[in-house]
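We will go stop by stop.

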Amino acid sequence: MAQSNTISPSAELEAKLRNRSAKIGVVGLGYVGLPLAIEFATKGFATVGIDLDRTKIDSLKSGKNYIQDIADERVSECVANGTFRAQSDYANSGDLDVVYICVPTPFTTNKDPDITYITSSVESLAKSLRNGQLFILKSTTFPDTTEGVVLPLLEKSGKKAGKDFFLAFSPERIDPGNQKWTTANTPIVVGGCTPECTRLAVLTNEQIIANVIAVSGPKVAEMEKLLENIFRSVNIALVNELAKLCDRMGGINMWEVVDAAATKPFGYMPFYPGPGIGGHCILIDPYYLSWQARAHDFETNFITLAAETNESMPFYVKDLVFKAVADLPIRLRDAKILMSGVAFKRDVDDIRHSPAIRIMELLLEDGVNNIDFADPFVEKINVSGRAFIRKEMNAETLRNADIIIIATDHSQYDYEFIVKNSSHVIDTRNATKNIRDVELLSKIVLLGSGRQHTSV
């Protein structure tokens, strides 16, 4: 009896990956997806980016980049040479051999997970599902999303994972603004629905990433991602709570305490207080896990408390503003506030869940309407339905404000200049740590310093 020469879907995909003829698709062209797509395109893979935001697609089609962590010339070069193209629909998604799903995973107003972006994209991809395709979910989510939600949607076609198509979870590890650790050199974790799914997902990622670590399955990879971010959430909450205690007790500077503890060469890692946490993952992940835990009659009390502590920090900063205004010969509603920095962290343009914007929302709610902001990376923002255009950080801007709130410690700013030209500064990031002049120090209230104004 003659043997069949038909190549298996797995072997065919492996061959395409090794000779770099595999077509790569990336759904969601944000901070995770676009750098990933450009890495594949740079390595010579025909890469298609899919995003429903036509503004992004129009920008990319013209070779224009909007992600700070990618060099503009890399995007324009990949568009020009045809290795990367962008589209606003799922047309011809069946032609793609590997598809990464990098869509947003927000939460609802009740802090419940919202994975509709995931399900919507998977349902669209499933319409053109064919044998040999590999799907890799990268969106941060709760354990069992890959196997409990994505897998059934794909298997509605009658095809089976590990045999006809392949599915894995590989969490993103993006640190906006980090010049040392990028998409290409940051180790990543991969867990597939079957051993063959894992093997192919590892092989795919190895085409652009130096160190790929396989785990036993998607649930481990999904939980691992939550652990990464909850670890930070819990430790930040610890120092935030201690910072408030230092202010209450007086005479103890929490920033000095952390630096002193950091001299221990083992068993300790420094985390610093601040006005709250931002970005996508650290704020959201604790609630994703607590939501799923409740389905198992389990309360993640410790983790949820840490998240609540961090979310309370913008309220604490608002109270510092109120105390400062009480020392001034003006009414609260007439106070002129300047936010120094509105991005969620230093030297980036990312304003997702920025604590600075949350502080602005709280101040507006309490009738403080004279608010401006300065940020070298952010040109305009919308807060509580109101549009704000940035001010230049100059002497006139500073002198026109009653209170300066340093909410983001961008390295481009001269903080001694800021304090010299200001009457009252609330520093939530220890940006003024190098100032030694007693007169200037008297203008500063540092969150967690254990001291208030000596004079106003």
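In which sense do strand β9 and strand β10 pair, and over how many bridges? Select residues 336-340 for β9 and residues 370-374 for β10: the two pair in the parallel sense over five bridges. Strands here are DSSP runs of E with at least two residues, helices are runs of H or I with at least four, and both are numbered from the N terminus. Two strands pair if DSSP finds at least two bridges between them.

Before going on, note that this is a predicted model, where local features need pLDDT of at least 70, side-chain atom pairs count only at pLDDT 80 or more, and totals for chains, interfaces and linings use all residues. Residues are numbered from 1 along each chain as its sequence is written, and side-chain values use heavy atoms, with hydrogens and water left out.

Now pick Ser340. Its bridge partner in β10 is Ala374. Next, follow the chain from β9 through helix α13, residues 355-365, to β10. This β-α-β crossover is right-handed: with the strands pointing away from the viewer, the path from the first strand over the helix to the second runs clockwise.

Click Met339: Ile405 in β13 stands opposite. Why is β9 largely enclosed by the rest of the structure? Four of its five residues are buried (under 20% relative accessible area with a 1.4 Å probe, protein chains only; exposed is over 50%, partly exposed in between).

Next stop: Asn205, in helix α7, residues 195-206. Is Asn205 buried or exposed? Asn205 counts as buried because its relative accessibility is 0%. Leaving aside neighbours within four places in sequence, Asn205 is in contact with Tyr100, Ile136, Ser170, Ile188, Val190 and Val212. Contact means heavy atoms within 4.5 Å.

Last, look for cavities. On a 1 Å grid over the protein atoms alone, a cavity is a set of points where a 1.4 Å probe fits but cannot get out, and lining residues have an atom within 4 Å of a point. The structure holds two of 30 Å³ or more. Select some of its lining, including Val32, Lys138, Arg173 and Ile209. The second largest cavity has a volume of about 40 Å³. Its lining includes Pro9, Asp97 and Gly132.

Notes:
1 Å grid on protein atoms, 1.4 Å probe; cavity = no way out; pocket = protein on both sides within 12 Å on 5 of 7 lines; lining within 4 Å. Points joined across faces, edges and corners; volume = space filled by probe spheres on them.
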